[in-house]
Amino acid sequence: MKSSIRRSRRAALAVALGSVLALTATACGDDGSGAAGDKGGDGSGKGEITFWDNNGGVRTDVWKEIIADFEKANPDIKVKYVGVPSDSVQSKYDTAIQGGGLPDVGGVGTAMLAEIAAQGALEPLDDRLEKSELGGQLNAKFLEGVKAAGIDGKTYTVPTSANNGTLWYRTDLFQKAGLDAPTTWTKFYAAADKLTDKDKNAFGYTIRGGSGSIAQALDATYGQSGVTEFWNGDKTTVNDPRNVAALEKYVGLYKKDTPSADVNNDFTKMVAQWDSGTIGMLSHNLGSFGDHQKALAGKFKGIPAPTQDNGTRVQVSNPVDGLGLFKSSKNKTAAWKFIEFAASHESNSKWNKTAGQVPANLEAAQDGWVKASEPTRLAAEALTGTTTKIVQLPYYLPDWNTISKADNEPNFQKVLLGKQSAKDFLDRLAGQLNAAQADWKKNHK
């Protein structure tokens, strides 16, 4: 099954890069929906458009507020909201690309951008951005990340926000133990040891062993090793000996300074465990701030990933979220108005304040709530800081999500359980990435 999925994705990429879209156009009525082969049209700029939220449920309320604001400002346009859970949105897009039913506008982050763009489903937005009031108002680094994640250097999604790896720590527990903030990896490991008291069910850290574990493990690996590039020529650096040593040290925390149940931790379990227990530290991102604030107000802080002892911070790139305009839309004029509105100062600030993330709109990033929210402010500084080195993950590879999730999450659990070495794990991961890179380059000529 996995190899079949990969073959179809690689074939789609080859077709897109060869400018031959072998998808049959499928008429789907007058609601603006269609399949990837549909050319769509600009439309009247009035009527109804459909918007797919790529994190439905979590951000539904704020999106409905933004939609209400938009409809008030544009009474001739109605927006049909469809919330899609983040763990199923990519498969929903893939199904609609083949069979019809794509929205006019959809949330498309860089983690899934290459695959969707490769199938010819998204409208390039460079010309529209150049003529828009948004021109010059969006973070240049976010735009660079969006273009790098695509298939041909074009802008296929308008960036709206960026997340960042965050180390959340219990200030009350650190103060009681006489510990400094875990700003360096040396202080992090020292704190993990000192805060662990298994007899009292107290642990220094909770590690992510279940769904979503690979990105967090890579962040800790590169952060410690100091390796700053993901590729050395056409070969990945994930199994560089320095990374192997770093991962060995990181997984060595499991069951020593973490609960044994962590082997099955996904985001929900990990956050709930930290919020309700006596665990000193948690690595996640800015998105969990609201949960922590409800459970631990005044007892925690969030800082960017630890630095090396010399002050250099190395971290892997986090996906940039954005809004894509689907090529099959029959009302692109109205759809683009909605994207412009959502990415404007007020709306972008409102959305990111709710999410606790870094706004893509430059004016929104200067708003008071960003400066008042220490985790968001520190994340924004880390993303632009001169001492921060960001290792760009290869989101452009059509196989990236499969390799970094389904293929290797079970293997990472084996590493935690001592059934596979860190070296064997990283060597296997490197082999898959090198093959995917070679395939991509072959189709990219």
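Is His292 buried or exposed, and what is its relative accessible area? In this predicted model, local features were considered at a pLDDT of at least 70 and side-chain atom pairs at pLDDT 80 or more, whereas totals for chains, interfaces and linings use all residues. Residues are numbered from 1 along each chain as its sequence is written, and side-chain values use heavy atoms, with hydrogens and water left out.

His292 is buried, with a relative accessible area of 0%; buried denotes under 20% relative accessible area, exposed over 50%, and partly exposed the range in between, computed with a 1.4 Å probe on protein chains only. The residue belongs to helix H12. Helices (H or I, at least four residues) and strands (E, at least two) are DSSP runs numbered from the N terminus. Leaving aside residues up to four places away in sequence, His292 touches Trp168, Val271, Trp274, Asp275, Leu282, Ala297 and Phe300, where contact means heavy atoms within 4.5 Å. Between His292 and Asn318 there are 21 Å in space, C-alpha to C-alpha, and the two are 26 residues apart in sequence.

Helix H11 spans residues 267–276, and its buried residues are Met270, Val271, Trp274 and Asp275. These residues lie on the same side of H11 because they cover an arc of only 125 degrees around the axis, the arc being that of the directions from the helix axis to the C-beta atoms. Thr268 and Ser276 are exposed and sit on the face of H11 turned away from its buried side. The packing partners of the buried residues are strand E5 (165–170), strand E6 (203–206), helix H9 (213–225), strand E9 (279–285), helix H12 (289–296) and strand E10 (300–304). At the N-terminal end, H11 is capped by Asp266, a side-chain oxygen of which lies 3.3 Å from the backbone nitrogen of Thr268. A polar contact is a pair of N or O atoms within 3.5 Å; within protein, one must be able to donate a hydrogen and the other to accept it, and residues adjacent in sequence count only if both atoms are side-chain atoms.

The loop between H10 and H11 contains Thr258, which is buried at a relative accessible area of 1%. The side chain of Thr258 reaches the backbone nitrogen of Lys255 at 3.0 Å. Lys255 is found in the loop between H10 and H11 and is partly exposed, with a relative accessible area of 46%. Most residues other than glycine have a negative phi. Phi of Lys255, however, is positive, near 70 degrees. Asn201 also has a positive phi, of about 55 degrees, although it is not a glycine.

Two packed helices are described by the angle between their axes and the distance between the axes. The axes of helix H10 (residues 241–251) and helix H19 (residues 422–443) come within 9 Å and cross at roughly 130 degrees, which makes H10 oblique to H19. Axes are lines fitted to C-alpha atoms, for helices over the stretch in contact, and angles run from 0 to 180 degrees between N-to-C directions. Angles under 35 degrees count as roughly parallel, over 145 as roughly antiparallel, 65 to 115 as roughly perpendicular and the rest as oblique. In this pair, Asn243, Val244, Leu247 and Glu248 of H10 meet Ala422, Lys423, Phe425 and Leu426 of H19.
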